[in-house]
Amino acid sequence: GEFNSSQTELRVGYQSKLKNGVTTVYAEVGPGYEWNKEGTPGETVFVSEVGVKTPLSKNVGLAAKLFSEYGNDTEVFNLGGEVKVRYTF
């Protein structure tokens, strides 16, 4: 592969359990800097993430998150998500 970019982020967040006592929700926000290929300018970005984790049964858990990134210089907004189902033996 070829190096395209890397990113350094500093996030501050909050995490809490819901009233059911087993489901965890969280949110994180903060600034970052994207280091691009040599000869290409980097840029300051703003990042955020919200998510939830919960057990579905004794051996199965669910985690879902939504994350975003906004580039201050390019004004590009990226949005993504992820859902995981994990089975533990």
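Predicted model: local features only at pLDDT ≥ 70, side-chain atom pairs only at ≥ 80, totals over all residues.
What does Y33 pair with? Its partner is W35, and the two form an edge-to-face aromatic pair, with 4.6 Å from centre to centre and 70° between the planes. W35 is partly exposed too, at a relative accessible area of 45%.

Searching the whole structure turns up two aromatic pairs. Besides Y33 and W35, there are Y87 and F89, whose ring centres are 5.2 Å apart. Their planes stand at 85°, so this pair is edge-to-face, because planes over 60 degrees apart are classed that way. F89 itself is exposed, with a relative accessible area of 89%.

Now turn to E69, in strand β5, which covers residues 60–71. Is this glutamate buried or exposed? E69 is buried, and yet it has no salt bridge. The nearest side chain of opposite charge belongs to R11, and it is 7.5 Å away. A salt bridge would need a side-chain nitrogen of Lys or Arg within 4 Å of the carboxyl oxygen.

What the E69 side chain does have is a polar contact of 3.2 Å with the side chain of Q7. Q7 is also one of the residues that E69 touches, leaving aside those up to four places away in sequence.

Key. Residues numbered from 1 in each chain as written. Heavy atoms only, no water. Helix = DSSP H or I, 4+ residues; strand = E, 2+ residues; numbered from the N terminus. Buried < 20%, exposed > 50% of the residue type's maximum accessible area, 1.4 Å probe, protein only. Lys, Arg positive; Asp, Glu negative; His and termini not counted. Polar contact = N/O pair within 3.5 Å; in protein donor to acceptor, adjacent residues only side chain to side chain. Contact = heavy atoms within 4.5 Å. Phe/Tyr/Trp six-rings, centres within 6.5 Å; stacked < 30°, edge-to-face > 60°.
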